[in-house]
Amino acid sequence: SRIRSKASFPSPVLQKAIVSRTRNEIDEGLRPAGINLTAKAQPAEHKQSHAKVLVPEDHGMHQVLKIDVTLSPRDPKAPGQFGRPVIVPPGKEKEAQKRWKEGNFNVYLSDLIPVDRAIEDTRPAGCAEQLVHNQLPTTSIIMCFVDEVWSTLLRSVHSVLNRSPQHLIKEILLVDDFSTKDYLKDKLDKYMSQFPKVRILRLKERHGLIRARLAGAQNATGDVLTFLDSHVECNVGWLEPLLERVYLSRKKVACPVIEVINDKDMSYMTVDNFQRGVFVWPMNFGWRTIPPEVVAKNRIKETDVIRCPVMAGGLFSIDKNYFFELGTYDPGLDVWGGENMELSFKVWMCGGEIEIVPCSRVGHIFRNDNPYSFPKDRLKTVERNLVRVAEVWLDEYKELFYGHGDHLIDQRLDAGNLTQQRELRKKLKCKSFKWYLDNVFPDLKAPIVRAGGVLVSVALSKCISVENTTVILEECDASSKSQQFNYTWLRLIKHEEWCLAPVPDKGALKLSTCDNRNSGLKWLHILTSVFHPDLVNHIVFENSHQLLCLEGNFSQKTLKVAACDSMKLHQKWKFEKYYED
Ligand code: LR7
Ligand code: MN
């Protein structure tokens, strides 16, 4: 096996950080071969004394290093120390108010708080005693920023420097995404020059956070990439548990628990355990608590790693080579948003895993609005990014994305060329979105259509039936093939490959070839009362100036569209089954 010099480990910085520990702790924690720490028998060659200068490759383990120089902070009485809330001093309210928009959080208070403040160790019991391998991979910390607030950027960097084992940090790459603020130029260079591991990469034009991260990744020299936002505070022992997961399997993508730095009082607040990263349609990220009964039944411990359908996006460690094997992020994603979905689907469907590691905790300032400008409209940018993700990864489920929410997302929206992304998926032989749903996110509600079965007239108790290329009303027969319709997310009323449509200007109905992009086939079946409370259960034809509704006439067995009328029971319809909540 590979031979390495023992002298290089632990590093001088590391040694300094552990002087406060007892003799015994040092032995247990940093013993090169981890003898006695694991039940597994060690190869004979490992049983050599500490005195030898050269030791074989190290498969041993140590306790997560107790590195936190801020546990006894320089100034214990400083505002915000130990993560406590801060109050704006009397008379300074106006100034604090004025400075809020610099970062969309309480910038005034952030500037009052030491850049190396202590925060509470919020890890669950047992984390400090956990073992990690001695030979964890090194990491490049990649922090992209655009016009970040000075004190928060510094606090982010200090928290990494002060609470990470130095030998694991290959570098801290600050990627300046074309900031406009003066203090982020020479002043930042000068400040960071005191830390040899910090490098600043200046982008020559605005890349957006996704391509800025890619620039960082291309410049990184560590084994693992660890992405962080530029307004975070890494907590005690945050790094080793993340790298441990990647060390155990290079296809694991490890995320810390993201805790909350309060935007108003800058306090550091812990969050509930047992949270998974999930999304709801149309691809909005969120957290969902694992139900207590599931926790109890499976005896899930607070320290157990949690597999997540999706990651929040900003904070994670990934093996660098694996990241490139996966084709990185889709570089066609602009500015902000959607990249967390893209990478999550890609990782899971192409053979990897996404995990939240409860023993790793990082605070993040959550804000209500982005403090920087979007080159184009913000909503359109995010929507376009999500369209790219949907078109590449969602297969037949993409209709759930397009059709959810109040408005249909325009399928004709120009999301740019997707050939490369689709080819990448093929090349990597990634699994289907159906597989992802069945195996990774079985609790996601993803019915492929909104409603289906027979379509019954409420007033007449008769059903719509297909006859040649048109439809008539008949006695309901749920087993009859010709009475089967689906109501799709894209608002088609579909019988096999045929879709219900009015004959233009006639009021009569016909069946046309389905086409998701044809607005002449779209019907809004009103299920909730938000928009047209008086028209619940109506089926409104959308492509018309006036409000036209589907209407039945039983004596003639016919159907037509006519002006919508909330009083007309003949315009109320129900499908046999509804798949929405
Ligand atoms: O054009 C830009 N260029 C940048 O360099 C826009 C942003 N950025 C930087 C920015 O300075 C910041 O450091 O990129 C980082 C993330 O931007 P934020 O802080 O405005 O994003 P956010 O915290 O509101 O949003 C979350 O979702 C984003 C979707 O694209 C990213 O994945 C963020 O990293 C992500 N943040 C987190 O996951 C932290 C937890 C929040 C949640 C949920
Ligand atoms: Mn952020």
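A crossing of two helices is left-handed if the near helix is turned anticlockwise from the far one by less than a right angle, and right-handed if clockwise. The structure to which this term will be applied is a predicted model, in which local features need pLDDT of at least 70 and side-chain atom pairs count only at pLDDT 80 or more, while totals for chains, interfaces and linings use all residues; side-chain values use heavy atoms, with hydrogens and water left out. Residues are numbered from 1 along each chain as its sequence is written, and chains are lettered from A and ligands numbered from 1 in the order in which they are written.

Helices (H or I, at least four residues) and strands (E, at least two) are DSSP runs, numbered from the N terminus. Helix α11 (residues 339-349) passes helix α12 (residues 378-393) in a left-handed crossing. Their axes, which are lines fitted to C-alpha atoms over the stretch in contact, with angles from 0 to 180 degrees between N-to-C directions, come within 9 Å and cross at roughly 15°. Angles under 35 degrees count as roughly parallel, over 145 as roughly antiparallel, 65 to 115 as roughly perpendicular and the rest as oblique; α11 and α12 are therefore roughly parallel to each other.

Contact means heavy atoms within 4.5 Å. Between these helices, Met-341, Glu-342, Phe-345, Lys-346 and Met-349 of α11 meet Leu-386, Val-389 and Trp-393 of α12.

A residue is buried under 20% relative accessible area, exposed over 50% and partly exposed in between (1.4 Å probe, protein chains only). Eleven of the eleven residues of α11 are buried. After α11 comes Gly-351, with a positive phi near 100°. In helix α8 (residues 239-248), eight of the ten residues are buried, so this helix is largely enclosed by the rest of the structure. The buried residues of α8 include Leu-239, Glu-240 and Pro-241.

Glu-233, in strand β9 (residues 232-234), is likewise buried, with a relative accessible area of 3%. The side chains of Glu-233 and Arg-117 are joined by a polar contact of 2.9 Å. Such a contact is a pair of N or O atoms within 3.5 Å; within protein, one must be able to donate a hydrogen and the other to accept it, and residues adjacent in sequence count only if both atoms are side-chain atoms.
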